[in-house]
Amino acid sequence: MARGLKTNDVIDRRTRLILLVLATAACVGLMPLGAIGALFSPLIFDARGNLFNPLAWMGFLLMVGFWIVCIVSPFVAWVLWRRGREPVAWGVMSAPLVWGLATVTVLQFVPG
């Protein structure tokens, strides 16, 4: 049987460490944008009827939660990295990207 190629076989540990540092820097860079979005998130309810629109509420919660995810995700990823659970750490580190894409997608469908 052929053995599957793991990520650890392709990229050495030092390179993965540098990539994790860069991903953390990207999260730190997105934190101010997330904080500004959280401050302006109540404006989503300015349009008529948005107070009872479930997509508006989902967009509001996603906007408020984005900067929280940008703060928590690198911390949890580094803890998992130190404990040797690297694949899970990379999954956690991708959470701000997924959260941001979900936010942008939902906000496209909110009338206003």
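Q: Where is Asn50 found?
A: Asn50 sits in the loop between H2 and H3, where helices are DSSP runs of H or I with at least four residues, numbered from the N terminus. This is a predicted model, in which local features need pLDDT of at least 70, side-chain atom pairs count only at pLDDT 80 or more, and totals for chains, interfaces and linings use all residues. Residues are numbered from 1 along each chain as its sequence is written, and side-chain values use heavy atoms, leaving out hydrogens and water.

Q: Is Asn50 buried or exposed?
A: Buried means under 20% relative accessible area, exposed over 50%, and partly exposed in between (1.4 Å probe, protein chains only). Asn50 is buried, at 1%.

Q: Which residues does Asn50 touch?
A: Contact means heavy atoms within 4.5 Å. Not counting residues up to four places away in sequence, Asn50 touches Ile44, Phe45, Ala56, Trp57, Val110 and Pro111.

Q: Where does H2 have a kink?
A: The bend at a residue is the angle between axes fitted to the seven residues ending there and the seven starting there. In H2 a kink of about 30° lies at Met31, shortly before the proline Pro32.

Q: Which residues of H5 are buried?
A: They're Pro96, Gly100, Thr103 and Val106.

Note on methods. Helices (H or I, at least four residues) and strands (E, at least two) are DSSP runs, numbered from the N terminus.
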